[in-house]
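Below are my notes on the backbone and the ligand shell. Please read them alongside the model.

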Amino acid sequence: MTARTFGRLRIECVRGDIANQPDVDAVVNAANAALRPGSGVAGALHRAAGPGLDEECRALAPIAPGEAVITGGHDLPNPWVIHCLGPVYGRDRPEPALLAASYRNALQLADERGLESVAFPALSTGVFGYPMAQAAEVAFQTMADTADALHSVTRVRFVLFSEADLTLHERVLGAVQASRCLYPEPPPRSGRGV
Ligand code: ADP
């Protein structure tokens with residue numbers, strides 16, 4: 001596991017299954033517009049949550065790219081699920097702004113509910129086709145930009161399915177942090193009376 005800190009926000013990257021993250025308040029679903037069970041992340045979460053999640057979702061659908069909605073966790077180990085519709089790469093434009101909105105809206109929803117920790121999958125990088133390195137940069141830049149506006153959320157976990165995806169995310173997370181730490185302190189004042 002790798003972790004980096006942006007202000008009060010700790011971002012962790014781990015390899016694992018988004019449906020098996022018992023120590024976080026909310027898990028994020030890479031949802032479809034109709035909020036129905038599907039393949040990938042949505043399939044895994046709905047399978048683990050049971051039919052109650054599908055029932056609760058019906059009342060909230062459809063959602064638009066960039067939007068996020070929150071439900072209970074049902075049979076998942078987490079009390080909450082945040083459902084995000086990321087952009088389909090090559091169709092929902094501009095993709096980076098819509099993907100950033102997904103991450104921002106999910107974090108804001110969690111913060112409004114007073115949650116402390118949220119686990120994300122790599123939104124849009126499966127059947128929606130977003131190139132993973134580009135998606136990872138959007139995700140981490142957005143989280144770093146949003147960190148100062150959060151009150152209750154202090155821990156975000158990125159859950160990656162494969163070792164290769166984990167390695168890539170660790171590299172991008174390190175690069176995003178390094179790019180923001182070039183001037184950690186204001187430059188010293190020089191001269192008098194300035
Ligand atoms: P999208 O439709 O937004 O592209 P997908 O569910 O198809 O969402 O995939 C998003 C990412 O999540 C992909 O990188 C995929 O490999 C990964 N993934 C699929 N299943 C799981 C899971 N159970 N836990 C964590 N990540 C998963």
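1. Ser 124 sits in the loop that runs between β6 (117–120) and α4 (132–146). Its phi is near 70 degrees, a positive value in a residue other than glycine. Ser 124 is buried, with 28 other C-beta atoms within 10 Å; buried requires 20 or more such atoms within 10 Å, C-beta atoms being placed from the backbone. Helices (H or I, at least four residues) and strands (E, at least two) are DSSP runs, numbered from the N terminus.

2. This is a predicted model, in which local features need pLDDT of at least 70, side-chain atom pairs count only at pLDDT 80 or more, and totals for chains, interfaces and linings use all residues. Residues are numbered from 1 along each chain as its sequence is written.

3. Leu 35 also has a positive phi, about 55 degrees, although it is not a glycine. Leu 35 belongs to the loop between β3 (26–30) and α1, and it is buried, with 24 other C-beta atoms within 10 Å.

4. Two cis peptide bonds deserve a check. One joins Ala 61 and Pro 62, with omega about 0 degrees; Pro 62 is in the loop between α2 (51–58) and β4 (68–72). Another joins Arg 93 and Pro 94, with omega about -5 degrees; Pro 94 is in the loop between β5 (80–84) and α3 (95–112).

5. Around the ligand there are 19 residues, of which Ala 30, Gly 40, Val 41, Gly 126 and Phe 128 come nearest (near: C-beta atom, placed from the backbone, within 6 Å). Helix α1 (residues 40–49) gives the most to this shell, with 4 residues.

How values were computed. A residue is buried if 20 or more other C-beta atoms lie within 10 Å of its own, exposed if 12 or fewer, and partly exposed in between; C-beta atoms are placed from the backbone.
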